[in-house]
Amino acid sequence: MTYNKIITLFILIFSIDAFALPIDWNGTIGFDTNIISNVRRTTDSCTTSNDSYCVKDDNENARYQSFIFKLNPTIVINDSASLKGEISTGSIRGGFTGEDTEVENGSYYSQSTGGNSTLTANQLYLELYADTALYRFGKYAKGFGLGGFINKGDNSWDRYFSVYDGFEAEFKLGKFTLTPIYSRLASPTNGAGPYSGKYDTIETAITGVYVDPNKNFEFGIYYGIRETETNSDLYGNNTGPNNVTLIDVYFKKSWEKFGFGLEVPMLSGDVGTTYGTASQEDIDTNAFIFESYYDFSSKWRLGLDAGSVKGEDGEEEVNVMYLHPNYRIAEIMFRYNLSGFQNTNQNIFNSSINNANYAKLYTRYKSDEWQWNIAVIMAKANEVASNGDEFYNHESNTYNTATEDQEDDLGMEFDVSFDYQWNPNIYVSGFLGYYQVGEFYEFTNGNDDIGVENITASGFRLSVDF
């Protein structure tokens with residue numbers, strides 16, 4: 001029985017046993033509208049290819065309205081067990097308004113929903129409470145550190161989360177928590193075997209986290225081995241077997257007015273052809289993620305976030321690193337897959353920070369109901385194309401030989417946003433972003449270089465957390 005089929009049983013249980021079992025409902029529903037000008041980063045005509053970062057010559061501007069829906073029920077079975085889950089719709093915890101509308105019988109005003117958006121059980125797991133540990137069985141979300149690599153997707157507008165399908169046990173020893181994890185991330189889909197193991201992706205991991213709330217100090221380390229078998233299509237078809245080790249270390253410390261955090265995820269092992277050709281199968285990469293703030297008063301905060309995320313240099317081993325899509329530093333930069341606005345088979349939200357050294361300086365003003373944010377973000381590429389050498393296109397995931405040099409300037413962005421708490425559960429927010437696109441994107445590898453154009457984006461969101 002798949003998780004989607006379990007939803008029907010899940011809802012049936014609620015209907016029958018609502019009078020007997022305590023049920024706690026929480027979640028998020030939200031709607032937004034967005035306008036993005038110069039979404040192609042250029043107004044020049046160009047041909048999309050693996051040699052450049054040219055976006056298909058279609059619409060110069062983009063606009064979309066979307067929604068997000070996350071329903072998180074908790075059934076308290078008894079003092080020792082709870083059943084938890086997340087029910088949503090679509091593949092991004094929501095969808096786009098008007099995407100499944102159909103006209104009935106040719107009548108101009110007789111529309112109905114086409115029924116393409118189905119409910120999905122993103123999470124469904126059992127928690128068992130014992131004197132020795134907290135045990136978790138099923139499909140659940142997991143976060144770690146600053147959320148740069150393993151992200152739980154707790155924020156209202158987080159479209160993704162790091163999913164684990166298996167079991168874990170949290171052993172608390174004073175201020176220290178030790179968590180062994182076993183997860184089957186992929187297996188034959190739709191009940192189509194054979195269940196011989198050659199379609200599987202399995203991760204075995206252990207985490208150790210030390211938290212001292214009295215000193216506002218936190219330290220953790222994640223050690224995991226992910227094995228992808230020959231026929232698994234989790235990372236694409238025919239990528240071959242993968243065996244990758246993740247070591248993720250983070251550190252957080254805060255005082256009365258000042259605080260900072262540092263996370264360093266590191267990947268090593270064999271990735272087959274996940275990132276391109278068979279000539280580069282070994283991976284050895286990392287990223288450094290830094291966050292800091294200083295509170296001048298209860299209302300004013302000044303912050304500095306910075307990071308270095310490796311790019312692929314086209315040498316003997318894979319060096320590229322992609323952070324989690326939920327980890328965002330700007331309203332435009334690294335936030336969207338711009339090609340997705342021109343292609344129906346691509347997801348506009350499937351984008352993440354990669355191949356970049358970045359810095360974000362921001363200030364925040366917060367009152368009882370209002371919060372205003374102003375930020376400046378700058379970024380440069382870690383790796384660029386060099387004439388005569390092999391280079392990697394980080395958007396198309398392909399290797400090519402360079403016939404000219406590429407600039408490393410990714411650009412600078414200015415953002416202004418606000419959040420208004422209408423009441424304890426309703427939030428209204430908006431933003432305006434201006435992205436000065438860098439010369440990095442002018443590169444066409446020997447063809448006529450394209451001129452870059454700055455991108456302006458604005459948006460408005462309404463969400464309800466309950």
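User: Where is N216 found in this structure?

Analyst: This is a predicted model. N216 is found in the loop between β11 (201–212) and β12 (217–228).

User: Where is N355, and is N355 buried or exposed?

Analyst: N355 sits in the loop between β16 (300–309) and β17 (356–366). Like any buried residue here, it must fall under 20% relative accessible area; N355 has 3%, so it is buried. N355 also has a positive phi, of about 45 degrees, although it is not a glycine.

User: How do I read a salt bridge, and how many are there?

Analyst: Side chains of opposite charge can pair when their charged atoms come close. The cut-off is 4 Å between a side-chain nitrogen of Lys or Arg and a carboxyl oxygen of Asp or Glu. By this rule the count comes to 17 salt bridges.

User: Which residue forms a salt bridge with E127?

Analyst: The partner of E127 is K84, and the closest N and O atoms of the two are 2.9 Å apart. E127 is buried, its relative accessible area being 5%.

User: Which residues are linked with K84 and E127 in a network of salt bridges?

Analyst: The network joins K84 and E127 with R136, K142, E168 and E170.

User: How far apart are the closest N and O atoms of D200 and R184?

Analyst: They are 2.5 Å apart, and the two residues form a salt bridge. This pair links distant parts of the chain, 16 residues apart: D200 is in the loop between β10 (176–186) and β11, while R184 is in strand β10. D200 is buried at 8% relative accessible area, whereas R184 is partly exposed at 34%.

User: What do the side chains of K380 and D408 form?

Analyst: They meet in a salt bridge, with 3.7 Å from N to O. K380 lies in strand β18 and D408 in the loop between β20 (398–401) and β21 (409–423), so the pair ties together parts that are 28 residues apart in sequence. K380 counts as partly exposed, at 42% relative accessibility. D408 is partly exposed as well, with a relative accessible area of 31%.

User: Now the surface. Which residues gather in a patch of negative charge?

Analyst: The members of the negative patch are E281, D282, D284, E315, E316, E317, D389, E390, D405, E407 and E439. Take D389 as the example. Its place is the loop between β18 (370–381) and β19 (390–393), and D389 is partly exposed, with a relative accessible area of 41%.

User: Which residues form a nonpolar patch on the surface?

Analyst: W255, F258, Y294, F296, W300, L302, L304 and L361 form one, with about 790 Å² of accessible area together. β16 gives the largest share of this patch, three residues. Another member, L361, lies in strand β17 and counts as partly exposed at 47% relative accessibility.

User: Going inside, which residues touch the most other members of the largest nonpolar core?

Analyst: That core has 62 residues, and I36, F341 and I353 touch the most other members. Several strands each supply at least two residues of this core, among them β2 (62–78), β13 (242–254), β15 (282–295) and β22 (426–437). The largest share comes from β18, with four residues.

User: What separates the C-alpha atoms of K175 and G340?

Analyst: A distance of 45 Å separates them, and the two residues are 165 residues apart along the chain. K175 is in the loop between β9 (163–173) and β10, and K175 is partly exposed at 37% relative accessibility.

How values were computed: Residues numbered from 1 in each chain as written. Predicted model: local features only at pLDDT ≥ 70, side-chain atom pairs only at ≥ 80, totals over all residues. Heavy atoms only, no water. Buried < 20%, exposed > 50% of the residue type's maximum accessible area, 1.4 Å probe, protein only. Patch = residues over 30% accessible without salt bridge, like charges linked within 9 Å, V, L, I, M, F, W, Y side chains within 5 Å. Areas by Shrake-Rupley, 256 points an atom, 1.4 Å probe, with all protein chains shown as cover. Lys, Arg positive; Asp, Glu negative; His and termini not counted. Charge placed at Lys NZ, Arg CZ, Asp CG, Glu CD. Core = buried A, V, L, I, M, F, W, Y, C linked by side-chain atoms within 4.5 Å.
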